[in-house]
Amino acid sequence: MAALLVFGLHVRNIGYFGGTSARIMTWGFGAGATGVSFFFILSGFVLMWSARPGDRVLAFWRRRIARIYPVHLVTAAIALLMSFTLAHLAKPTLNSALANVLLTHSWWRPWWQTLDPVSWSLACEAFFYAVFPLLALLLRHLNARGSTVLAGASVLAVLVLAWVDAHHVLSQPVGALPPARLPEFVLGAAVARLVLLDRWRGPNRETSLALAIIGYFLVPQVPDGYPTTACTIIGFGALIPAAAVADMGGLPSLWRHPRMVRLGELSFAFYMIHLLVLRAGNTVLGKSPHFGVAGALAATAAAFTVALGLAWILYERVECPARRLLLRRRLRKE
């Protein structure tokens with residue numbers, strides 16, 4: 001669902017819909033960028049949940065590289081090819097392209113959307129992975145009270161950074177800067193620790209979902225950019241552990257349906273390829289075509305189908321085989 005929010009935002013931005021339907025898309029998906037915040041919190045939760053006691057740092061980093069790098073390299077190559085074959089796309093410089101490949105491009109604002117624009121979030125994830133071994137070590141030494149304090153401090157950090165960004169205290173926006181997104185990741189890891197300790201005392205799944213939805217629709221009331229994160233941080237930060245607790249309790253869940261699980265497996269590849277599909281579509285459909293409702297829905301359905309098909313290919317022919325290849329030696333040792 002988080003990936004779908006981002007897709008909807010980019011469909012809105014690409015201009016398929018016009019008039020009243022455009023306003024409906026803005027209402028429904030104008031806050032879609034908060035889906036990335038959900039990714040960051042979920043990433044911290046999942047990594048802390050699955051952290052192995054005694055795991056070596058290099059082994060952890062190797063698994064993370066095997067998880068994200070193959071798809072990143074392929075989509076970066078596709079984006080590079082598109083930049084030299086489609087006239088309406090800007091060509092990257094050698095330095096900016098290299099920074100993208102090395103996942104350092106989000107550290108400098110002019111490069112943050114080089115090649116595949118959504119890869120800026122991977123640069124943030126790369127930073128999170130670099131600091132996670134220290135974060136995991138800290139959390140393993142914290143009890144429930146300490147983990148709760150760390151989670152609260154993370155939320156407070158997001159609120160402070162949102163104020164800083166909204167008031168232009170710094171010389172550039174902080175929305176894509178990896179250290180500025182770290183509190184979301186830390187929040188996810190801290191609440192995972194609470195669940196592991198069986199000390200999660202937050203709202204249940206239904207209440208957390210309501211908080212997340214309310215926060216999502218509050219986004220238009222704040223300035224664009226990082227401040228939108230402040231609207232959803234509490235809802236998302238509560239929803240993820242609440243859903244995990246409900247799952248462990250065996251409560252019914254739509255998300256355990258095999259088709260939803262399959263879409264979840266494809267979501268990373270879908271996230272990485274969908275904007276390239278939309279940009280390529282501009283060549284055929286034109287920039288901001290503003291179709292009628294039927295035409296806009298048809299264009300959106302076509303873009304979604306193509307992106308999902310390519311995501312399946314990336315998952316089955318790139319992501320999984322490359323991960324097996326990169327981890328083969330490690331698996332043999334184990």
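How many residues apart are Glu184 and Arg181 in helix H8? They sit 3 residues apart, about one turn of the helix. Some notes on that and on the helix packing follow.

1. Before the details: this is a predicted model, where local features need pLDDT of at least 70, side-chain atom pairs count only at pLDDT 80 or more, and totals for chains, interfaces and linings use all residues. Residues are numbered from 1 along each chain as its sequence is written, and side-chain values use heavy atoms, with hydrogens and water left out.

2. On confidence (pLDDT is the predictor's confidence in each residue, from 0 to 100), the chain has a mean of 95, and 98% of its residues reach 70 or more. Helices here are DSSP runs of H or I with at least four residues, numbered from the N terminus.

3. Back to that pair: Glu184 forms a salt bridge with Arg181, with the closest N and O atoms 2.7 Å apart. The rule (a side-chain nitrogen of Lys or Arg within 4 Å of a carboxyl oxygen of Asp or Glu) gives 8 salt bridges in total.

4. Both residues turn up again where H8 (residues 178–196) packs on H10 (residues 227–248), at about 25° with axes 10 Å apart. Axes are lines fitted to C-alpha atoms over the stretch in contact, and angles run from 0 to 180 degrees between N-to-C directions. That makes H8 roughly parallel to H10 (under 35 degrees; over 145 is roughly antiparallel). Contact means heavy atoms within 4.5 Å, and on the H8 side Arg181, Glu184, Leu187, Val191 and Val195 make it. By class, this contact has 7 nonpolar, 2 polar and 2 charged residues (Asp, Glu, Lys and Arg count as charged; Ala, Val, Leu, Ile, Met, Phe, Trp, Tyr, Cys and Pro as nonpolar; the others, Gly among them, as polar).

5. H10 also packs with H9 (residues 205–218): their axes come within 8 Å and cross at roughly 155°. The two are therefore roughly antiparallel. Contact residues include Leu209, Ala212 and Gly215 of H9 and Gly235, Ala238 and Ala242 of H10.

6. Elsewhere, H4 (residues 57–85) and H6 (residues 120–140) pack at about 170°, axes 10 Å apart, which makes H4 roughly antiparallel to H6. Among the residues that meet are Phe60, Trp61 and Arg64 in H4 and Tyr129 and Phe132 in H6. This contact divides into 9 nonpolar, 1 polar and 1 charged.

Methods: Parallel < 35°, antiparallel > 145°, perpendicular 65-115°, else oblique.
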